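Hi everyone, thanks for making time this morning. I'd like to walk you through one model, so please have the picture up as I talk.

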Amino acid sequence: MGYLHSYKYLLSLVLLSNLLYAQDESDVDFLVKQINTIQLSGESDKVLEASQKLIKLSNSLNNEKGLSYGNYYLASYYYDHAKFKQSIDYAKEAQKYTSYLDTDQTHSANISSLLGGNYLLLQLYTLSFKNYRKALEILKTKPNKTAKDSLTESTVYSHLSYIYDNMNKQDSMHYFLQKEDTILKK
């Protein structure tokens, strides 16, 4: 009887730990969605607080998705507040979680696009171009593009046209504006 009791106890512990782990994982997913909603509503101070909470939770779980998204949201927060060095640092941190980013190409492209935007506003056109191209390459290989992917692509093309306009290369500027227009018409 003692053996059977111990076995049931051990099985209960394993099931409980799996349930708690699943709950923690779903907490990460919930926070990611919540921060996205907060960010879209324009409440940047809440984005900062929730992103820090997401990173803390994700660190305790060693959850790459949460760590990547948390750093991305912090990078977006600092970008919106024109603190480009901090934004670049957090975006680069978000890019470190390659095993997760290989499974979430949309997020990976968004990070590269955010880096491109930071460099664009700093007038570092070569770095901006490099990151925008990376975002396009990521999305090019994605089999099922979402509306968000298309919006990212059109934004990248718009920003590339701006770079070429500043470089006084009107043909290239028009080329990228046409690519943006084609996507937006879809």
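Predicted model: local features only at pLDDT ≥ 70, side-chain atom pairs only at ≥ 80, totals over all residues.

Residues are numbered from 1 along each chain as its sequence is written, and side-chain values use heavy atoms, with hydrogens and water left out.

So, the overall picture. The protein has nine helices and zero strands, and along the sequence the pattern reads α-α-α-α-α-α-α-α-α. Helices here are DSSP runs of H or I with at least four residues, strands are runs of E with at least two, and numbering goes from the N terminus. Of the 186 residues, 40% count as buried; buried means under 20% relative accessible area, exposed means over 50%, and partly exposed is in between, using a 1.4 Å probe and protein chains only. Now take contacts between residues at least 6 apart in sequence: 54% of them join residues at least 24 apart. Contact means heavy atoms within 4.5 Å.

On to the packing. Two packed helices are described by the angle between their axes and the distance between the axes. The axes are lines fitted to C-alpha atoms, for helices over the stretch in contact, and angles run from 0 to 180 degrees between N-to-C directions.

Let's begin with α6, residues 105-121, and α7, residues 125-140: their axes come within 7 Å and cross at roughly 165 degrees. The two helices are therefore roughly antiparallel. For the cut-offs, under 35 degrees is roughly parallel, over 145 roughly antiparallel, 65 to 115 roughly perpendicular, and the rest oblique. The α6 and α7 crossing is left-handed, meaning the near helix is turned anticlockwise from the far one by less than a right angle; clockwise would be right-handed. Among the residues making this contact are S112, S113 and G116 of α6 and N131, Y132 and A135 of α7. By class, the residues of the α6 and α7 contact are 10 nonpolar, eight polar and one charged. Nonpolar covers Ala, Val, Leu, Ile, Met, Phe, Trp, Tyr, Cys and Pro, charged covers Asp, Glu, Lys and Arg, and the others, Gly among them, are polar.

Next, α7 with α8, residues 147-166: these pack at an angle of about 150 degrees, with axes 10 Å apart. They are therefore roughly antiparallel too, and α7 passes α8 in a left-handed crossing. The residues involved include F129, Y132 and L136 of α7 and V156, Y157 and L160 of α8. This contact has 11 nonpolar, four polar and two charged residues.

What does S113 touch beyond its neighbours within four places in sequence? S113 sits in α6 and is buried, at a relative accessible area of 13%. Its contacts are N131, Y132, A135, T152 and V156.

Now α3 and α6. Their axes come within 11 Å and cross at roughly 25 degrees, which makes α3 roughly parallel to α6. This crossing is left-handed as well. Here S68, Y69, Y72, A75, S76 and Y79 in α3 meet H107, N110, I111, L114, G117, N118 and L121 in α6. That contact divides into seven nonpolar, six polar and no charged residues.

Is S68 buried or exposed? S68, in α3, is buried, at 0% relative accessibility. Its C-alpha atom is 8.2 Å from that of Y100, 32 residues away along the chain. Leaving aside neighbours within four places in sequence, S68 contacts A94, Y97, Y100, L101, H107 and I111.

Have a look at α4, residues 84-94, whose buried residues are F84, S87, I88, A91 and A94. Seen down the α4 axis, these fall within an arc of 120 degrees, so they line one face of the helix; the arc is that of the directions from the helix axis to the C-beta atoms. What covers them includes α3, α5 and α6.

Last, two loop positions. Most residues other than glycine have a negative phi. N62 is not a glycine, yet has a positive phi of about 55 degrees; N62 lies in the loop between α2 and α3 and is exposed, at 64%. Q123, in the loop between α6 and α7, has a positive phi near 60 degrees and is exposed at 56%.
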